[in-house]
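Please examine the model below and account for the terms used to describe it.

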Amino acid sequence: MHLRRNIFCVLSAAVMVALSACASSADPVPTLDWQPCRENAEFDCATIAVPVDWARPRGATIDVAVVREQAGDVERKVGTLVSLPGGPGSSGVDEILRGGKFSPQLRERFDIVSIDPRGVQRSHPVRCDSGLVASQPNMVPDAGGRIEEVRSYARDLADSCRTYTGPLIDHLDAASVARDVDALRAALGEDQLTLYSRSYGTMPAQAYAELFPKRLRASLMDSVDDHSLDGREFLASEARAGQDTFDEFAAWCAREEQCVLHGADVHQIYGELFAKAGRDELLFADKPLGSLELSQKVTQRLYAPEWSRLATDLKTLIDQPASSPVPPTLAQRSGEPTPMPQLAMCSDWRFDIEDQQDWLRLWHEQNTNAPTLRAHFAWGAGTLCSGWPIAPQNPQHHPDIRDGAPILVMNSLHDPATPHEWATQVVADTPRAALLTYAGWGHGVYNRTRCTTTAADEYFITLTLPAESSCAPS
């Protein structure tokens with residue numbers, strides 16, 4: 001995407017932090033040239049130019065893609081609701097074009113706006129060498145993995161990402177996304193924004209509350225990240241969440257005859273599969289399935305949750321005829337780029353792993369916290385980020401939110417990706433925050449039940465926090 005000079009004039013980065021990035025009143029306000037979206041003309045699409053590096057606001061820019069669904073009832077319109085997608089790497093534009101997740105009542109009362117965050121899809125996507133992306137090193141330390149090999153791989157991958165992505169690779173952090181959102185607010189002509197964020201989208205939502213508290217009318221953080229955790233506790237809490245949700249699946253399978261593994265020891269079956277995957281003897285869709293990939297696929301089934309499909313997956317794998325070990329593919333460059341927006345995580349989290357022995361200790365902690373799954377998919381991300389040669393621009397810290405509107409946090413009791421303990425801690429660290437717990441399963445709460453949707457809609461429209469602290473599972 002073409003880089004061009006930025007039209008904004010803002011204060012220096014240090015002053016921006018102290019004064020919530022105030023802009024000069026003499027500067028022109030950015031505009032949005034709304035046009036019918038190419039993919040679906042029922043929605044409006046535009047782009048907004050933002051600095052690659054907000055510390056150099058007059059430097060090069062990228063275009064961030066924006067989508068809008070206009071309020072159905074203009075007479076009773078409350079304002080603009082900006083939806084921040086998860087991931088990292090999810091497209092907010094695609095979510096809205098596919099119909100979004102919001103209730104008819106909310107769509108009547110708000111313009112619904114979303115973005116592809118910087119580095120994602122239409123917004124100058126992060127691209128790295130496809131050969132390196134497809135052939136990651138062994139990240140299981142007691143199965144031959146070496147942290148030095150991971151570090152060497154991370155350096156090579158980052159070098160390829162810089163080649164294909166340019167300087168944006170240094171500025172993918174959630175705080176930069178939050179500043180992009182405030183530029184969008186100005187372009188929309190809004191004094192205050194109403195924010196909905198989900199999963200990794202809660203990272204820029206928290207940054208926005210820190211940087212621009214007076215410009216926030218309301219903020220609902222759904223399935224929230226706890227950005228105060230150090231790397232060790234991040235990995236440990238993720239592993240606990242994965243094990244908790246797998247145990248819930250196993251309990252369902254034990255009591256429900258519809259489960260194709262009913263009567264079998266689901267934990268033992270997974271253990272056998274993990275061992276086969278570690279010996280490179282497991283295939284999925286005719287391709288080798290490693291032990292960490294197995295854990296990731298299982299955890300993803302717990303998002304909805306899709307318990308019946310997970311049981312079928314495990315049965316298919318355990319019934320699979322024995323296969324010859326498939327040698328791992330050596331990491332080598334292909335010379336062709338492929339999208340890799342997930343790397344934004346390394347801009348927001350610091351994982352300090354001293355050496356091979358320290359890495360092995362962390363792995364044993366993973367196994368202790370997740371005795372069945374052995375590890376959460378966060379293990380691979382944390383390990384890669386520990387060797388990432390680009391320092392995080394927005395490393396973890398306790399939030400500094402001193403003013404602004406009351407914030408609503410919503411989280412499942414059994415969430416495989418953003419543990420309920422994270423939501424509890426975020427609320428404890430955030431003044432004027434309230435927690436609504438969905439006492440059920442899965443990742444993402446807003447449209448789970450009538451209770452969760454009604455509570456959220458009431459908060460968005462009237463700014464009334466829920467009277468109850470929990471919603472029963474459906």
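Predicted model: local features only at pLDDT ≥ 70, side-chain atom pairs only at ≥ 80, totals over all residues.

Q: What makes α6 largely enclosed by the rest of the structure?
A: Buried means under 20% relative accessible area. Because 13 of the 15 residues of α6 are buried, the helix is largely enclosed by the rest of the structure.

Q: How do you know that the span of α6 is close to the one expected at 1.5 Å a residue?
A: Helix α6 covers residues 174–188, and its first and last C-alpha atoms are 21 Å apart, against an expected 21 Å for 15 residues.

Q: What makes aspartate 173 a cap of the N-terminal end of α6?
A: A side-chain oxygen of aspartate 173 lies 3.3 Å from the backbone nitrogen of alanine 175. The cut-off for a polar contact is 3.5 Å, and the 3.3 Å pair places the cap at the N-terminal end of the helix.

Q: How do you know that the length of helix α15 agrees with its number of residues?
A: Residues 450–462 form α15, and its 13 residues should span 18 Å at 1.5 Å a residue; the end C-alpha atoms are 17 Å apart, which agrees. After α15 comes leucine 463, with a positive phi near 65°.

Q: Which residues of α15 are called buried?
A: The buried residues of α15 are Thr452, Thr453, Ala455, Ala456, Asp457, Tyr459, Phe460 and Ile461.

Q: Why is α5 called roughly perpendicular to α13?
A: Helix α5 (residues 147–165) packs against helix α13 (residues 378–386) at an angle of about 75°, and their axes are 8 Å apart. Angles of 65 to 115 degrees count as roughly perpendicular, so α5 is roughly perpendicular to α13. Where they meet, α5 contributes Ile147, Val150, Tyr153, Ala154 and Leu157, and α13 contributes Thr383, Leu384 and Ser386.

Q: What makes β1 and β14 the edges of the sheet?
A: The open sheet has ten strands in the order β1-β2-β3-β5-β4-β7-β8-β12-β13-β14, with mixed pairing. Strands β1 (35–36) and β14 (470–471) each have a single partner strand, so one side of each is left without a neighbour in the sheet.

Q: How do you know that β4 pairs with β5 and with β7?
A: Two strands pair if there are at least two bridges between them. Strand β4 has five bridges to β5, in the parallel sense, and four bridges to β7, also in the parallel sense. Valine 82 has valine 113 in β5 as its bridge partner, while leucine 84 is partnered by serine 197 in β7.

Q: Why is β4 called mostly covered?
A: Buried means under 20% relative accessible area, and six of the six residues of β4 are buried.

Q: What joins β7 to β8, and which helix lies across them?
A: Strands β7 (residues 193–198) and β8 (residues 216–222) run parallel and are joined by six bridges; leucine 193 has leucine 216 in β8 as its bridge partner. Helix α7 (residues 202–211) lies across β4, β7, β8 and β12, running at about 150° to β8.

Q: Why is histidine 124 called buried?
A: Histidine 124 has 10% relative accessibility and therefore counts as buried, since the limit is under 20%. Histidine 124 belongs to the loop between β5 and β6, and a polar atom of its side chain lies 2.9 Å from the backbone oxygen of threonine 165.

Q: Why does serine 135 count as buried?
A: The relative accessibility of serine 135 is 4%, so it counts as buried. Serine 135 is found in the loop between α4 and α5, where a polar atom of its side chain is 2.6 Å from the backbone oxygen of glycine 131.

Q: How do you know that threonine 418 makes a polar contact with histidine 443?
A: Their side chains approach to 3.5 Å, and a polar contact requires N or O atoms within 3.5 Å. Threonine 418 lies in the loop between β12 and α14 and is buried at 2% relative accessibility. Beyond its neighbours within four places in sequence, its contacts include Ser199, Asp225 and Glu238.

How values were computed:
Residues numbered from 1 in each chain as written. Heavy atoms only, no water. Helix = DSSP H or I, 4+ residues; strand = E, 2+ residues; numbered from the N terminus. Buried < 20%, exposed > 50% of the residue type's maximum accessible area, 1.4 Å probe, protein only. Polar contact = N/O pair within 3.5 Å; in protein donor to acceptor, adjacent residues only side chain to side chain. Contact = heavy atoms within 4.5 Å. Axes fitted to C-alpha atoms, helices over the stretch in contact; angles between N-to-C directions. Expected span 1.5 Å × (residues − 1). Parallel < 35°, antiparallel > 145°, perpendicular 65-115°, else oblique.
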